[in-house]
2 protein chains.
Amino acid sequence: MQISSRFTIALHIFSCVDTFGDEYKVTSDFLASSINTNPVIIRRILGQLRKAGLINVARGTGGITPTRPLSEITFYDVYKAVDPIERGSLFHFHENPNPECPVGRNIHNLLNDKLDAIQKAMEDEMRKYTIEDLHEGMESIIAKEEST
Amino acid sequence: MQISSRFTIALHIFSCVDTFGDEYKVTSDFLASSINTNPVIIRRILGQLRKAGLINVARGTGGITPTRPLSEITFYDVYKAVDPIERGSLFHFHENPNPECPVGRNIHNLLNDKLDAIQKAMEDEMRKYTIEDLHEGMESIIAKEEST
DNA sequence: AAAGAAGTAACTATTGAAATTACAACGGAT
DNA sequence: ATCCGTTGTAATTTCAATAGTTACTTCTTT
């Protein structure tokens, strides 16, 4: 099991917007070319980011603008926007354990706390990284590239 | 995206073995009934746990025995055994970003550290919980049930 | 009104999970 | 040595999600 590439694509999108947004018009065609995929894939992800309130997308003219400071958009926000999971749980319980078995009727309750803690550990780490960090990191890499 | 139910099923299996192993012969049929699935599903998961060196499975007679003390089998061991992920990464990068785009050719390097840290946070939390914890928790729940 | 771009429906291909049937391989009990 | 219960595993089916593509509609600026 792997987390969908929508997550890394969304981060790639933000990085392009941050880096090129002032200079070029960043359209779904432009992004599709940088990411090497189909423009419709990009538009669908843009739609998810828009519905989550992270960006505005201009129709007609094109162009993407974050709705709040980059330091206030975390990797967790992006993850939640593009990878909604069923009933909010990262883990998948087998549906109907046997209620006549002592283990079967109690395993769910027993595991819940622990699985929640594991999921929370991942999500908390995701909250540590922001689009601002991403932007700075990319600027620094590109500056180094240009100096060689 | 959700982590496969094989993980929670494997934990359920361990819990049954710990709870009933001395009393009954815990077969794939027995487990399938407690978990409410097909015996072949169970056997495939047993095969993964066996290949990972966590249990021995007796053919012919049936019966499952952990290969080491329950306190030395963590949730992480179980997770790795039943949910092998491609190239070890929880995250899925889009394959071929455009090398002519400054963002495209650098995004992978920029994200790697951060994604690794997120994955590690999850795995480290998984390492905190052992099959021994699971066993004790289940004993305690069943004892409470019996006292009412 | 025209042009450019996003939004979106419809379809296909591919993959993985889960379930099921069938049978071969094994091992203890008689 | 054979029988029987059990595991190991291959083959098949169903279902859902991802990813990609085409085609068309909707919107906005010029």
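## Phosphate contacts on DNA strand D

In this predicted model, a polar side-chain atom of A:Thr37 is placed 2.8 Å from a phosphate oxygen of DNA strand D. A:Ser4 has a polar side-chain atom 3.2 Å from a phosphate oxygen of DNA strand D. Chain B takes part as well: an N or O atom in the side chain of B:Ser28 is 2.7 Å from a phosphate oxygen of DNA strand D.

DNA strand D is surrounded by 25 residues, and the closest are A:Ser5, A:Thr37, A:Arg59, B:Ser28 and B:Gly60. By class, this surface has 12 polar, 8 charged and 5 nonpolar residues.

Elements of both chains contribute to the surface near DNA strand D. H1 and helix H3 (39–51) of chain A, along with helix H3 (39–51) of chain B, each supply at least two residues. H3(B) gives the most, with 4 residues.

## Extent of the interface between the chains

In the interface of the two chains, 58 residues of chain A are in contact with 58 residues of chain B. The chains bury about 5,300 Å² between them, and 71% of that area is on carbon and sulfur atoms. A:Met1, A:Gln2 and A:His94 supply 15% of the area that chain A buries against chain B, more than any other three residues.

## Polar pairs and contributing helices

Across the interface of chain A and chain B there are 22 residue pairs in polar contact, counting pairs with both residues at pLDDT 80 or more. The rule also finds 2 salt bridges across this interface. B:Glu145 forms a salt bridge with A:Arg105, where the closest N and O atoms are 2.8 Å apart.

On the side of chain A that touches chain B, two or more residues come from each of helix H1 (5–20), helix H2 (28–35), helix H4 (75–82), helix H5 (102–127) and helix H6 (131–146) of chain A. H5(A) gives the most to this side, with 16 residues. By class, the side has 33 nonpolar, 19 polar and 6 charged residues.

## Relation of the two copies

Technical notes
Residues numbered from 1 in each chain as written. Chains lettered and ligands numbered in written order. Predicted model: local features only at pLDDT ≥ 70, side-chain atom pairs only at ≥ 80, totals over all residues. Heavy atoms only, no water. Contact = heavy atoms within 4.5 Å. Buried area = accessible area lost by both parts, 1.4 Å probe. Salt bridge = Lys/Arg side-chain N within 4 Å of Asp/Glu carboxyl O. Polar contact = N/O pair within 3.5 Å; in protein donor to acceptor, adjacent residues only side chain to side chain. Nonpolar A, V, L, I, M, F, W, Y, C, P; charged D, E, K, R; others polar. Near = heavy atom within 4 Å.
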